[in-house]
Amino acid sequence: MRTEMYHLKIIQVNLTQRLSSILPDIVDEVTLAWQDNTNITDQWAEINLWEVMLRVISRAVNRMFVGLPLCRNQEFLDNLVEHAVEVIKTGTILDMTPRAFRWFVSRYTSNTPKTMKKLMQFIGPIFEERKQKLAKLGDKWTDRPDDAIQWILENAPPGESSSTVQMVNMILFLNFAAIHTTSLSVTQALYDLSVHQELHTPLKEEIRSVLAEDGGWTKQGLTKMKKLDSVLRESQRLHGVTSAPLMRRARVPFTFSDGTFIPKGTVLCAPASAIHFDGFENPLEFDGFRYERLRKEEGQATKHQMVSTSMEYLAFGHGKHACPGRFFATNELKVLLCHIIMKCEFKGLAAKRAEDSFFGFNRVADTSVNLLIRNRKD
């Protein structure tokens, strides 16, 4: 296994294949994190959705990555959140910097060394302790923790990648991939729902019906929530995290079958917004149940799921490099939205939806926007 690719096995095998067994932990952490980071009462009150989502998502993600009690250590989580935000900014700055000067600029724009030093204090001793236990017990260690720390320890190739520093760095990488994008996605979906009050009742009825039918939370039950799935997919169609997915640099000259020539070094990407607006009725309008209706057509039941990728839907990329964590992220998003929809009433302060901005090709939700929220009375 190539050293730089073993994180794919961690996500595709260790995480994705455990979605059913880890669902109770996700539900538990999402519920507690929401309660701990909000103070919802029976009266309308403002909350900054972005700040709350960062705290809730970072806790839920790290329940799977580092487990209890570290996933609830706010100093640890704050470092991860800060790093996720700064990496996006630093990467965009370096992309605009001439290659010869990038090393110099990165010294003043990147916070990775500082974050790594702090994370080594939090996670380094855990890796060292488990290394020693694994070396001592081997296959006789039958009650191993089931978290990303253990998955990394057992999957890291020999050599530099198995050093404690590099394994801590993998925890940092996994958090970067999970926190920022998922927090943006749920924020965008709630911005859409805040100005589409007509969707709340049918969503609430669907959630209640599925939970009653399945006797509680199940992975299969989340799949049955087609209206909720459609809302998430439609939100990502209009407000995905990037307007230019599938970005690649040509490593060799290449000529396509139609004669188009791509010189070495050319950067290519897909125009996601143009693709996502093509072929739909009222493509610029948010239609929450658009994909639920499409899934009722013959042969379309799975094509238009949130996790399904195609050349017409690029929110998660496409092909062999499509986002491997989309199955976990979608379950996490559904659990969080279910909890909010079932427990709370919410609406925007204004009739108009919050507008997005762009940082390079990255689409960013307006993080200054507050929503009005209170406990649901029914």
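The legends below describe close-up views of a predicted model.

**View 1. An aromatic cluster is formed by Phe 280, Tyr 291 and Tyr 313.**
The count of aromatic pairs in the model comes to five. In one of them, the ring centres of Phe 280 and Tyr 291 are 6.0 Å apart and the planes stand at 80°, so this pair is edge-to-face. Phe 280 is in the loop between α12 (272–277) and α13 (290–295), while Tyr 291 is in helix α13, so the pair ties together parts that are eleven residues apart in sequence. Phe 280 has a relative accessible area of 23% and is partly exposed. Tyr 291, with a relative accessible area of 2%, is buried. Tyr 291 also forms an edge-to-face aromatic pair with Tyr 313, at 6.2 Å centre to centre and with 70° between the planes. Because Tyr 291 lies in helix α13 and Tyr 313 in the loop between α13 and α14 (326–343), this pair ties together parts that are 22 residues apart in sequence. Tyr 313 is buried, as is Tyr 291.

**View 2. Charged side chains sit over the rings of Phe 280 and Phe 289.**
Over the ring of Phe 280 sits the charged end of Arg 237, 4.9 Å from the ring centre. Phe 280 also belongs to the aromatic cluster with Tyr 291 and Tyr 313. The ring of Phe 289 has the charged end of Lys 227 over it, at 5.8 Å from the ring centre.

**View 3. Arg 130 is a buried residue of helix α6.**
Helix α6 runs over residues 112–137 and includes Arg 130. The relative accessibility of Arg 130 is 11%, and under 20% counts as buried, so this charged residue falls in the buried class. Leaving aside residues up to four places away in sequence, Arg 130 touches Trp 141, Pro 145, Asp 147, Ile 149, Gln 150 and Leu 153.

**View 4. Helix α7 is largely enclosed by the rest of the structure.**
The helix covers residues 148–155, and seven of its eight residues are buried, so the rest of the structure largely encloses it.

By class, the lining of the second largest pocket has eleven nonpolar and three charged residues, with no polar ones.

**View 5. The largest cavity has a volume of about 80 Å³.**
Rolling a probe the size of a water molecule over the atoms shows where empty space is left. In this model the count comes to two cavities of 30 Å³ or more. The largest cavity has 14 lining residues, and Gly 240, Thr 242, Ala 272, His 276 and Arg 363 lie nearest its centre. The largest share is that of α12, with four residues. Seven nonpolar, five polar and two charged residues make up the lining of the largest cavity.

**View 6. The second largest cavity has a volume of about 40 Å³.**
What lines this cavity? The lining consists of Trp 34, Ile 47, Leu 49, Leu 190, Ile 340, Phe 346, Leu 371 and Ile 373. These residues divide into eight nonpolar, no polar and no charged.

**View 7. Glu 297 is placed in the loop between α13 and α14.**
Is Glu 297 buried, partly exposed or exposed? At 44% relative accessibility, Glu 297 counts as partly exposed. Glu 297 and Ile 11 are 286 residues apart in sequence, and their C-alpha atoms are 32 Å apart in space.

Notes
Residues are numbered from 1 along each chain as its sequence is written. Side-chain values use heavy atoms; hydrogens and water are left out. Helices (H or I, at least four residues) and strands (E, at least two) are DSSP runs, numbered from the N terminus. Buried means under 20% relative accessible area, exposed over 50%, partly exposed in between (1.4 Å probe, protein chains only). Contact means heavy atoms within 4.5 Å. Rings of Phe, Tyr and Trp (its six-membered ring) pair if their centres lie within 6.5 Å; planes under 30 degrees apart count as stacked, over 60 as edge-to-face and the rest as tilted. A charge sits over a ring if NZ of Lys or CZ of Arg is within 6 Å of the ring centre and within 35 degrees of the ring normal. On a 1 Å grid over the protein atoms alone, a cavity is a set of points where a 1.4 Å probe fits but cannot get out, and a pocket is an open set with protein on both sides within 12 Å along at least five of seven lines; lining residues have an atom within 4 Å of a point. Grid points are joined across faces, edges and corners, and a volume is the space filled by probe spheres set on the points.
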